[in-house]
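Subject: Structure handover and findings

Hello,

Here is the structure for you to look over. My notes follow below it.

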Amino acid sequence: MIIGALFGFIAGNLTQSPYIGFMVGMLAGGAASLIHAFISITLRGNQIVSGLALTIFGLGITNFFGQDWINKKFTVPVHGIAIPGLSRIPVLGPILFKQDVFVYFSYLLVIFMWFLLFKTKTGVHLRSVGENARAADAMGVNVNGTRYFWTFFGGLLAGAGGAYLTLVYAPFWLDAITAGRGWIAVALVIFAMWNPLYAVIGAYLFGGIESLQFQLQATGTTIPSSLLNMQPYLLTLLVVIAATIVVRAKHIGTPRELGVPYAREEK
Amino acid sequence: MADTVVTLRNITKRFPGITANDRINFELKRGEIHTLLGENGAGKTTLMNILDGIYHPDDGEIYINGKKTVIRNPADAIKNGIGMIHQHFMLIDTLTVLENVILGLRQQGFYINRKVVSENIREISDRYNLGIDPFIRIWQLSVGEQQKVEIIKTLFRGAQILILDEPTAVLTPQEVEISFEIYRQMVREGKSIIFISHKLNEVMDISDRITVLRKGKVIGTVEKNEISKEGLATMMVGREVLFRLERKPLNRSKKMLQVENVKAMDDKGLMALNGINFDVYGGEIFGLAGVAGNGQKILSQVITGLRRVVSGNIIIDGKDMTNASAKKIFEQGISYVPPDRLKVGLIPNLSTIDNAILRRYNKSPISNNSFINYTEAEKYTDRLIRDYDIKVPKKEAPVKLLSGGNMQKLLLAREISENPKLLIVVHPTRGLDVGATEFIRRELLKARDNGIAVLLISEDLDEIFMISDRIGVIYEGQVLDIVDIEKAEINKIGLLMAGMKSLKEEV
C-alpha cells in the first residue's frame with residue numbers, strides 16, 4: 001500500500017494525471033506482491049515473516065525514494081460526480097452517489113469480486129487452492145500458478161488503495177503516510193470472513209470510526225486527541241477478536257491452508 | 001464372452017530398496033467387480049496408482065479396451081474412462097458438492113451454470129440412489145456420504161472403470177451395505193470396478209473375481225465361486241515355515257497390564273475400541289496382530305494416557321490407572337515406542353542429546369531443578385549411543401537427520417533405559433532395513449529376558465511370530481482370540497485378522 005502510495009503520487013505529479021498515477025500505483029503494489037509470492041509460494045517460506053519483511057521494505061524504500069517529495073502536494077483535483085437522482089436520496093445519497101470515479105470503481109470491484117469468487121469456475125479454483133491444495137492439484141488445478149496470480153492481483157488492489165490515499169484522499173506525500181491502514185485492511189479481511197460483500201460493511205465501519213475522531217475533535221471535546229487517534233486501531237483489535245470467535249463457532253471464513261505452502265511430493 | 005476393458009501386462013514398479021510391483025498381470029472385464037486382495041504393502045495401491053497415472057511403471061504395458069495406452073497423469077486416466085477413488089478423499093471441505101464436482105474440469109466455462117450442473121448431479125445421484133444434495137457443503141456430510149460425492153465426481157467425468165481403494169475402511173457396516181448396492185448397480189449398467197481390500201468377508205460378498213497379491217507379485221486370480229475364505233487367506237498370508245529368533249525359556253512373572261473391557265473413541269467420535277480384553281505378564285512378549293485401522297493406535301494411546309477411556313479399566317501392576325495422566329502412567333513404569341517416531345516419539349528439530357534426555361531432563365543428575373547439566377546429558381547420550389550402537393554423526397544436530405533405523409534405536413534405547421515394568425512398542429521395525437530390524441527385535445527379546453512385560457503391536461505377522469510368546473488378534477476394536485506361540489498357526493491368525501470369528505471354535 002505504501003509503495004502504491006508513493007509511486008502513484010510520483011507518477012501522478014510527473015504526468016499531472018491522477019488516472020495514470022493510479023495505474024502506476026497499482027502496478028507498483030502488484031510488483032511488490034510478487035516478491036512476497038516468490039518467497040512464500042516458490043521458496044515455501046513463512047508468509048508472516050515474508051509479509052512483515054515486505055512492509056518494512058515498503059517503508060524503507062518509500063522513505064528513500066520519497067525524500068524529495070516530502071510535503072509536496074498533488075494539485076490536480078479529482079472532482080466528485082453526482083449521479084443524477086440517486087444523489088438526492090436523503091443522507092445516503094451524498095454518502096454513496098456524490099463521489100469520485102475511483103469510489104464508483106470500488107463499488108463495481110466489490111460486486112465483480114463477489115461474482116468471481118462465488119459464481120465462477122475461476123473463483124472455485126481460487127478458493128480450492130487455499131482450502132486444500134492437494135485435492136485441487138489432484139483435480140488438475142494449477143496450484144502455484146493460481147496462487148501467484150491472485151497474490152499479484154491482491155498487490156494491485158493494495159497499490160490502488162495507497163495511490164488513492166496520496167492522489168485524492170490526502171493529496172500530499174509524507175513518510176509512512178499510510179499509518180498502518182494496510183494492517184486495518186488485513187483486519188477487515190478477517191472481519192469480512194473472506195467475503196467481499198461483508199468487507200463493504202467493515203470498510204464503512206472502520207472508515208466511520210476514523211472520521212469520528214475528526215468530528216469529535218471539531219466539537220471541541222476534552223478527550224485528548226491522542227486517545228481519539230487510537231480508536232481505529234483499538235477497534236481493529238476488538239473486531240478481530242470478535243470475528244475470530246464467530247468464525248470459530250460457525251466453521252466458516254478462514255481458508256484452511258492460509259499461509260501453508262504446497263509441495264506435491266510431500267506427504 | 002465379456003470383453004476385456006483393462007489389461008495389465010508385466011507391470012513392474014521399483015521404489016528405492018523395494019520392488020512394489022513385480023511383473024504383474026491383471027485383467028478387468030466389462031461389468032465385473034474384480035478385487036485386488038493382499039496384505040498391507042502387497043502392492044495393491046501402487047498398481048492402481050499406475051493405472052490412474054499417478055505413478056509410472058518401470059516396465060510393462062497397459063491396454064485399455066484392447067488398445068495399448070500410456071497414462072501419464074490422472075487427467076489421462078479420466079480421458080480413458082478410468083476414475084480412482086482414493087482412500088483419502090480428494091474433497092474440499094468448505095466448498096459445496098457442486099463446486100467439488102466441477103473443480104478442475106476443463107470443459108466447464110467461466111460462469112458456473114448451477115442449474116445445468118446441479119441437474120446432472122441430481123440425475124447421477126438419483127440413478128444410483130445416492131441422495132446427495134448438490135448445494136450442501138462437504139463438511140456437513142458424513143464420511144459415507146463424502147464417498148458418494150467422490151463417486152459422483154468420477155461418474156460426472158464419464159468414468160467407465162472405477163478403482164475403489166479400500167472404500168469400506170472408513171465406513172460403518174450399514175454404510176458398507178449401501179455402498180455395495182451402489183457398486184452392484186454400477187456394474188449392472190456396464191461399468192467395471194476394481195475393488196481393493198484386505199477384508200475377506202467383504203471380498204467374498206462383492207467380488208466376481210479376485211486377484212491375490214503378496215509382496216508385489218500376483219499369487220493367482222480366482223473366480224469367487226471356486227474358492228473359500230480359507231483358500232483366500234492361505235493365498236494372502238500363506239507362507240512356509242517361519243523363522244523364529246532364538247530365545248531363553250519363558251519366565252513369566254506377575255500380571256503387569258490388565259486391559260478390562262475398555263471402550264474408547266477415535267478422533268471422529270466413532271467407537272474404535274469395543275470392549276477390549278487382554279493381559280500382559282512380566283517377562284513375556286505379547287504380540288497383538290491385526291490389519292491397520294482396527295484400533296491398534298487408539299489402544300496404545302489409552303494405555304499410555306494419551307487418550308481417554310470411555311468405559312472399562314486399565315490396571316498397571318495392580319494399580320488402576322484408567323484415565324490417569326501420561327506422566328503418572330510413565331512414572332508408574334510404562335515406556336512407549338509410538339508408531340510414528342518423528343511425530344510422537346522424537347522431536348525432529350531438537351538434537352540427539354535433547355531427545356535422549358526427554359524422559360529424565362527433570363531428574364538428577366541431568367537436572368538440578370533449574371538448569372540442565374549438559375555434561376551429564378552428554379554422558380548419558382553417549383552411553384545410549386554406545387550400548388545400542390546408534391550411528392550419530394553429530395550429537396548436537398537435529399535428530400531428524402538420523403536414518404530411520406538409528407532414530408528407532410535411539411527411541412528404543414531411551415525407553416528401555418527407564419527400566420520399565422511394561423514396554424509398549426507399536427510397529428517397531430516399520431520402514432527399517434534388515435540390520436536395524438533384527439537389532440530391534442533382539443533388544444525386545446533382551447527386555448523380555450530382563451523381566452519386562454512387552455506389548456508388541458504390529459501389522460507384520462512375521463515379526464509377531466518371530467518374537468512373541470503369546471499372540472492376540474485385534475479386529476474392529478476387540479481381541480478375537482489369544483493363543484500361545486507353540487499352538488499358533490499363521491493361516492488361522494490370518495483368518496482372524498480378516499475378521500473370521502467363527503474359526504475360533506474350529507481351532
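Start with a loop in chain B. Pro365(B) sits in the loop between helix H12 (352-356) and helix H13 (374-387) of chain B. Helices (H or I, at least four residues) and strands (E, at least two) are DSSP runs, numbered from the N terminus. Ser364(B) and Pro365(B) are joined by a cis peptide bond, with omega at about 5°.

Some ground rules. This is a predicted model, in which local features need pLDDT of at least 70, side-chain atom pairs count only at pLDDT 80 or more, and totals for chains, interfaces and linings use all residues. Residues are numbered from 1 along each chain as its sequence is written, while chains are lettered from A and ligands numbered from 1 in the order in which they are written.

**Backbone**

Gln16(A) is not a glycine, yet has a positive phi of about 60°. Its place is the loop between H1 and H2 of chain A. Gln16(A) counts as exposed, with 11 C-beta neighbours inside 10 Å. The scale is this: a residue is buried if 20 or more other C-beta atoms lie within 10 Å of its own, exposed if 12 or fewer, and partly exposed in between, with C-beta atoms placed from the backbone.

Asn419(B), also not a glycine, has a positive phi of about 50°. It lies in the loop between H14 and strand E17 (422-426) of chain B. With 13 other C-beta atoms within 10 Å, Asn419(B) is partly exposed.

Helix H9 (residues 296-303) of chain B is mostly covered, with eight of its eight residues buried.

**Helix pairs**

Helix H1 (residues 2-15) and helix H2 (residues 18-42), both of chain A, have axes that come within 7 Å and cross at roughly 150°. H1(A) is therefore roughly antiparallel to H2(A). The crossing of H1(A) past H2(A) is right-handed. By class, their contact has 12 nonpolar, seven polar and no charged residues.

In chain B, the axes of helix H4 (residues 114-127) and helix H5 (residues 143-156) come within 10 Å and cross at roughly 115°. That makes H4(B) roughly perpendicular to H5(B). This crossing is right-handed too. Asn120(B), Ile121(B), Ile124(B) and Ser125(B) of H4(B) meet Ile152(B), Leu155(B) and Phe156(B) of H5(B). These residues divide into five nonpolar, two polar and no charged.

The terms, briefly:
- Axes are lines fitted to C-alpha atoms, for helices over the stretch in contact, and angles run from 0 to 180 degrees between N-to-C directions.
- Angles under 35 degrees count as roughly parallel, over 145 as roughly antiparallel, 65 to 115 as roughly perpendicular and the rest as oblique.
- A crossing is right-handed if the near helix is turned clockwise from the far one by less than a right angle, and left-handed if anticlockwise.
- Residues are in contact if their C-beta atoms, placed from the backbone, lie within 7 Å.
- Ala, Val, Leu, Ile, Met, Phe, Trp, Tyr, Cys and Pro count as nonpolar, Asp, Glu, Lys and Arg as charged, and the others, Gly among them, as polar.

**Between the chains**

Chain A puts 17 residues in contact with 17 residues of chain B. H6(A) gives the largest share of chain A's side, six residues. That side divides into six nonpolar, six polar and five charged.

Helix H6 (residues 121-131) of chain A is largely enclosed by the rest of the structure, because nine of its 11 residues are buried. Its cover includes helix H5 (101-119), helix H7 (133-138) and helix H8 (143-169) of chain A, together with helix H3 (97-102) of chain B.

**Cores**

A nonpolar core is a set of buried Ala, Val, Leu, Ile, Met, Phe, Trp, Tyr and Cys residues joined through C-beta atoms within 7 Å. The largest has 152 residues, and Leu422(B), Ile424(B), Val454(B), Leu455(B) and Leu456(B) touch the most other members. Helix H14 (residues 404-416) of chain B supplies the largest share, six residues. A second, separate core of 25 residues includes Ala11(A), Met26(A), Tyr164(A) and Val168(A).

**One strand residue**

Ile163(B) lies in strand E7 (residues 161-165) of chain B. It is buried, with 27 other C-beta atoms within 10 Å. Ile163(B) and Leu51(B) are 112 residues apart in sequence, but 9.0 Å apart in space, C-alpha to C-alpha.

Best wishes

Definitions and conventions. Contact = placed C-beta atoms within 7 Å.
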